[in-house]
Amino acid sequence: MLLSAKGLKKIYKSGEVETSALNGVDLDIEEGELIVTLGPSGSGKTTLLNIFGGLDTATEGQLLWNGKDISKYSQQELTLFRRDNVGFVFQNYNLLPNLTVRENVESGARLSKNPLDINKIINTVGLSDKKDKFPYQLSGGEQQRVSIARAIAKNPKILFCDEPTGALDEKNSKIVLSMLQKINNVTDTTIFIITHNLGIADMAHRVIRMNDGRIAETKINTSIIDAAEIRWA
Amino acid sequence: MNITKNALRSFFSKKTQAILAVLLIIFGVFFYTAFANINYVTDGAITSYDASQNTEDYGFIPRLKLTDEQWEVIFADYNIPESAQAGADAIIQQYQVNLYDYQEDFISQVESKYDMTVETSFNKMLSDEATGHQYRVFSDTGSINKPYIVEGSLPTTANELTILPEYAKYNNLKVGDTLEINGSEYTISGFVYCPAYVTPIVTTNVVKESSVYYADTQSIIFMTEDALNQLAGQASYSYKGKANQDLTSAEKNALYNRLYDSNDFEVLDNALDSITHGETYRKVNVINILIIALSLVLCGACLFVVTQVIKRRIEADKRQIGTLKALGYKSLEVARSYCSFAVIISVLGSTIGCILGFLAYKPLIDILYKDYNMPMNISADYMTLAYAFIVPLVFLVSMSLITALIMLKKPPLDLIRDNSDSKVNSLGRWVTRVLRKASFEVRAKYQIACRSVSKIVAMFSIGVVASILLLIGLVMSTALGGMVDKTFTGFNVESTVTFNMNSNINNKQPQYEDEEICLGKDLFIQEVRYQNGQTLTLDDANRKIAEVIGMNPDSAYISLINENGETINNVLTEGVVINKVIEGKYGLQIGDRLLLNSTRQ
């Protein structure tokens, strides 16, 4: 088991008002899985991704990484955890605007003791002719591909993608999703995607539906379709 | 490396902030290196000059204390008849008696009592009738105040002499050239400084704005003793004393006080208060204070500006920083990347500042010390280089690092989600409350203004810092500009006055020729009001009879002495002092009033 959550709860406090974002989540993630998490806004999927990725901590419950409890880690320990194991792809790309494509990818690779070959990754995401361009010179789809390249350059064990196609059109979305699928297939990297788009669920090994801070449904896909053939919703 | 590159590109996208920070460092480092080197050179120069030339500690003229037996000897030596044996002054004047030859016993007592070596010093004043150039002529005798040879050698024959290098420069003279004085031709054997005299002409009245004496027309000359004796005119005598032990400044001052209290001396000068020493050290101290004060202010300004720049950059780059932390970068790594800005501007500013400082300190020495007639062995103090690089670097980097670390303490999610753009500051909230009944336009206008409050504060702060720097610049320029004048004069004058060359120590009756004593230019007596109520108004023809110079009552160098030998500088705070000529001409008494008028505003 790569990641295991038991009874995860997250409560946000604002003054005297308490908001419960997760209400006891139990979930196991196997190595090499591609999981898509669906759910309406406020269902807790981003909170769950942040806690799984070590960006946030749970108020209650246990989170095991390869059997080791990381739920009580300090900020410094979480930093090292993210550095060694986790990659992120954000909805708004979050590239470093003053670095070129190559430099952005390098900034991810430098964190790892065992990075992937930068040129190969840039080739894989189809940006070898734009590796010296700055983010503002790229389209949204291209920027998201750079973001993916940066995330996988450090050869993470798990890749968390928060609405990776949320800001893209269908064509660019399919390119990005194809890349994620390819990475999952080739490198066996575990991928955890959260999205509003129901169509994306068809490319996942497992689909999780969240509602009101709980896992409402878990479905294992028996037939996985290619990302390029997704029925866009 | 890449995140450092990202931070640097982010900084230098705001060029004005970066340039302002670099300029501040350049100015600070330039000021420090230039003036610290000036002090290093001058401090070293005066110390080594003293040591190498065995400079006097005290100059003095003893009070005349001759016994009846000594007078008998003098009468015999000078064939003075009994009928003429009246007062000492008359004898001295009429028979040109050199009484210093009869003071040997007293000088021996001084040497043993105060543990010092005393040597006689004599010189003659010389004025070339053709050119009007003025010279103070010495011969090289004794071990105290040894002449300092800048070029060439001391004269060995009666038709050789040395001059001051400045005089040579102004008159385009070289070693080996000929100088004609009153029809006699002398070969210039060298350029030489005299440690006891900064200015060739002693110096009560010579005041210039840009120079303390007329380097183009006045010089100190060294001749052989024979040549000096052959010159017309009577020699001025004094004594130069040098303590036999190495004394500290405090010990020298203590010994000076003992000498002064003994009341054995008509004139007593402490070399530590001389122009060469006193003013050099005073200048060194003033510059040291300025260095410390301005360096502190500039250092503070640099720190303020650089930390503000870094703070603003980090605020602007929060989302990027959050992303980096999410990827696994540690806060220290990110903070370090932002400190690279401080490193670069510090090294850049220090380098340019050092280059400018090292280029400037030699010309500045020429300006500040050009009249000191003192050898300046220009050699840089390379420790200033180390300080100029290390101090700004350490201060800026450590402050930047602390600032960055404090700001990067937040977890990555908070930084990524930063919604500072949509936040309303406390001033904005307060304005909203106050203006809740105002129209939308009014509320919107003031809300937008409140969003720029940090910019307004930043601009105000920069304005304050710039004003402080400007003020310091003005103070410095005034202080340095006036330093030469104040150094040598102790006067507070507004016009040049002419020194009367024809008075000397043994000639008590001044020869004023066509000039009154202490003639100025534009200030003159318009009206005299006598104590009996009478008034005399002077017409234009008679107005320019006497003019006035100002003098600082606290002057360390120039004292008003009455006929009893007492210093009466304090009377200057109560009124004006006039000379005998004016007193006689208008029958003035103490208490009469003069109405002074100036043609200048």
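Trainee: How do S9(A) and strand S10 of chain A pair, parallel or antiparallel?
Mentor: Antiparallel, over six bridges. Keep in mind that this is a predicted model. In that pairing, A:Arg206 sits opposite A:Ile220 in S10(A).

Trainee: And what do S9(A) and S10(A) form?
Mentor: A hairpin, with two residues between the strands. In the turn, A:Asp212 has a positive phi of about 55°.

Trainee: Which way does strand S3 of chain A run against S9 of chain A?
Mentor: Those two run parallel, joined by four bridges. S3 covers residues 34-38 and S9 covers residues 206-211. A:Val36 stands opposite A:Val207 in S9(A).

Trainee: Switching to helices: at what angle do H5 and H6 of chain A pack?
Mentor: About 15°, with their axes 9 Å apart. Angles under 35 degrees count as roughly parallel, so H5(A) and H6(A) are roughly parallel to each other.

Trainee: Is the crossing of H5(A) and H6(A) left-handed or right-handed, then?
Mentor: Right-handed. The residues making the contact include A:Gly140, A:Gly141 and A:Ile148 from H5(A), and A:Ile175, A:Met179 and A:Ile183 from H6(A). By class, the contact has seven nonpolar, four polar and one charged residues.

Trainee: OK, now the two chains. How many residues does each chain put into the contact?
Mentor: Chain B gives 19 residues and chain A gives 18 residues. On the side of chain B that touches chain A, helices H1 (2-12), H10 (318-327) and H13 (412-416) of chain B each supply at least two residues.

Key: Residues are numbered from 1 along each chain as its sequence is written. Chains are lettered from A and ligands numbered from 1 in the order in which they are written. This is a predicted model: local features need pLDDT of at least 70, side-chain atom pairs count only at pLDDT 80 or more; totals for chains, interfaces and linings use all residues. Two residues are in contact if their C-beta atoms, placed from the backbone, lie within 7 Å. Two strands pair if DSSP finds at least two bridges between them. Axes are lines fitted to C-alpha atoms, for helices over the stretch in contact, and angles run from 0 to 180 degrees between N-to-C directions. Angles under 35 degrees count as roughly parallel, over 145 as roughly antiparallel, 65 to 115 as roughly perpendicular and the rest as oblique. A crossing is left-handed if the near helix is turned anticlockwise from the far one by less than a right angle, and right-handed if clockwise. Ala, Val, Leu, Ile, Met, Phe, Trp, Tyr, Cys and Pro count as nonpolar, Asp, Glu, Lys and Arg as charged, and the others, Gly among them, as polar.
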